[in-house]
Structures are given as structure tokens and as C-alpha cells.
Amino acid sequence: HFKGYEVGFAGWDDEMKKGIVYNYSDRLPGKYYVYDFSSKEAIEIANPYYWINEKDMAYVKPIGYTSRDGLTIHGYLTLPKGIDAKNLPVVVNPHGGPWARDGWYFNQEAQFLANRGYAILQMNFRGSTGYGKKFWEASFKEWGKKMQDDITDGVEYLKKEGIADPKRIAIYGGSYGGYATLAGVTFTPDLYACAVDYVGVANLFTFMKTIPPYWKPYLDQWHEMVGDPKKDSLLMAEASPVLHADKIKVPLFVAAGANDPRVNKAESDQMVNALRNRGIEVEYMVKENEGHGFLNQNNQFDFYGAMEKFLEKYLKTKQP
């Protein structure tokens with residue numbers, strides 16, 4: 001019934017004779033069906049995203065490359081529909097978590113950016129889940145270091161393949177992806193033309209101090225996986241982008257929620273102030289009624305509209 005799609009179950013009847021199944025793909029957010037196990041008949045019952053025509057959406061291609069220390073890094077490349085995949089402006093989009101992962105499914109942001117003519121690179125850097133314990137443990141105390149190298153190596157892979165225009169590469173991410181964005185323009189300042197930091201960490205010391213109460217039971221775990229401010233102060237100082245803001249030289253767009261309990265707004269304030277004091281151009285969007293990520297639809301429109309204009313300004317026109 002659903003060749004070429006991923007399929008999952010949402011529920012069954014008491015006799016286990018019928019089930020509610022859903023199918024999805026890189027170009028389809030998902031549809032729901034009642035499936036009869038006896039007749040093997042599937043009847044569509046709901047299409048929550050009826051306005052999306054999958055034929056108009058971009059394909060997401062699984063890719064892989066080798067990190068500089070020999071790990072295989074898996075990822076996904078979304079290319080603009082109907083455009084030759086050569087010398088394109090690219091948005092590098094590391095996921096949040098960081099102990100999470102990207103997958104082969106419909107991604108609203110990737111489709112939005114591909115529709116605007118950008119190639120989108122998402123990679124499951126070391127620490128991403130689904131690749132075993134050793135791959136996860138390889139990320140411990142590697143924020144801004146080997147984890148960031150995996151992202152950089154992905155950019156170099158796209159350049160080597162001729163897909164990316166080396167002068168038109170941006171990095172954008174939220175939460176840990178926001179941290180990776182700041183680390184990218186700080187520790188590899190010549191790699192990117194511009195960056196968008198969405199609710200990202202800028203200072204590992206202040207981030208640890210503002211861990212919300214419901215994370216306190218996990219604080220020892222965070223000290224082991226990210227760093228202990230007392231035992232690992234040098235390591236954390238090296239990995240905190242705001243402490244090396246003097247290296248940043250490309251335009252930055254920062255977005256934050258005033259009520260963010262996970263990544264305090266002060267993280268964004270520190271970075272914005274450090275750059276503005278040096279005369280670096282920073283666009284700063286703060287939404288007073290938001291937390292860790294914008295949920296209000298109007299705020300989402302504002303953010304993505306502003307990001308679209310920002311990327312258009314710095315990526316679409318080839319830099320000299």
C-alpha cells in the first residue's frame with residue numbers, strides 16, 4: 001500500500017483486527033488510514049496537512065562522509081527542486097539536543113529553505129542517537145571541539161563535491177544547534193558567510209548556572225558529558241563562543257525567547273553585546289511571550305520572515 005513511505009501504527013482495536021496506520025516520507029508530513037488485517041484494505045481517514053502537495057516538495061537524500069579522525073558521519077541533504085546541484089548557496093543546519101538526531105522525514109524548515117533556493121545540510125555528528133554507545137560517548141566533553149569538527153567536515157564534503165559555493169555558506173540551528181552555530185562562526189570564522197543562532201548557548205559557565213530546577217537531577221550527568229565548571233574550567237572556557245567573540249567577523253542574526261527556562265535569554269544577550277561592542281552587525285529578535293523556541297504562530301512568521309530576508313541579503317548575492 002505504501003511503497004516508498006515509512007509506515008507506523010497509531011493504535012489498534014481491542015481484537016487487533018484493525019489498526020490506525022500513518023505513512024510519511026521526506027516530502028509528506030503524514031496521512032492516516034484504517035487498515036484491516038483480514039482484507040488488507042487501507043482506507044484514508046485523515047490528512048492533517050492537506051494543503052501540502054508532496055509533488056512540489058524537495059527530496060531529502062541520505063548522505064555519508066568520513067570525519068577527520070575516521071568516523072562515518074551520516075546526514076541528509078535537501079536540494080532545491082529543479083535546480084542543478086552545483087555551486088549552490090548552502091544552509092548548514094545542525095540539530096539540537098545534542099543527544100538527538102535528524103532523520104529521513106518531512107522537515108518544515110528544510111523544505112522552506114529549499115523552496116528559497118538553498119541546499120540544506122543536516123548531519124548526525126558524534127553524540128547523535130541511533131548509532132550505538134561508542135558513537136554517543138565520543139561526544140563527551142567535545143562541545144566546540146570534535147563535535148564541531150564533524151560539522152565542519154560536512155561543509156568541506158559539500159565543497160569537495162562541488163555542491164556548495166564556498167563563499168555562500170551559512171549555518172543555522174536552535175538550542176545546541178544554536179551553540180554549534182556560534183561555535184562555527186567563532187572557531188572557523190572563514191567558513192561561513194553569515195549565521196542564524198536560535199535560542200543557542202553562548203557561555204558554558206553561565207549556561208550551567210542557569211540550569212532549570214527540573215534538570216537538577218541530571219546536573220552530575222551534564223558535568224560528565226559537557227564539563228564541570230570547577231574541574232574542566234579551561235576546557236569550558238575554550239568551548240564558550242562568547243569568550244572568543246573577537247574572532248567572529250560575519251553578520252549574525254540572533255533570536256531568543258524572554259522566558260526561556262532551558263537556555264536563558266542572557267546567553268543571547270552576552271553574545272549580542274560582545275559583538276555590538278566591536279561594531280559587528282547583529283540582528284536581534286526577542287519575543288517576550290516565548291520560551292525555548294517560538295510556538296506562537298505570529299512569532300514564527302516574524303522569525304522565519306526575518307531569517308529569509310537575512311539569508312537573501314548575505315547568500316543570494318555572491319560575495320566578492
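Student: How many helices and strands does the protein chain have?

Tutor: Helices (H or I, at least four residues) and strands (E, at least two) are DSSP runs, numbered from the N terminus, and the protein chain has 9 helices and 12 strands. This is a predicted model, in which local features need pLDDT of at least 70, side-chain atom pairs count only at pLDDT 80 or more, and totals for chains, interfaces and linings use all residues. Residues are numbered from 1 along each chain as its sequence is written, and side-chain values use heavy atoms, with hydrogens and water left out.

Student: In what order do the strands of the open sheet stand?

Tutor: Two strands pair if DSSP finds at least two bridges between them; here 8 strands form an open sheet with mixed pairing, in the order S5-S6-S8-S7-S9-S10-S11-S12. Strand S5 (60-66) and strand S12 (282-287) each have a single partner strand, so one side of each is left without a neighbour in the sheet.

Student: Which strand is joined to S7 by 3 bridges?

Tutor: Strand S8 (residues 119-123) runs parallel to strand S7 (residues 88-92) and is joined to it by 3 bridges, and valine 91 stands opposite isoleucine 120 in S8.

Student: Which strands does helix H9 touch?

Tutor: Contact means heavy atoms within 4.5 Å, and axes are lines fitted to C-alpha atoms, for helices over the stretch in contact, with angles from 0 to 180 degrees between N-to-C directions. Helix H9 (residues 297-316) packs on the sheet, touching S7, S9, strand S10 (194-198), strand S11 (252-257) and S12, and its direction makes about 165° with that of S10.
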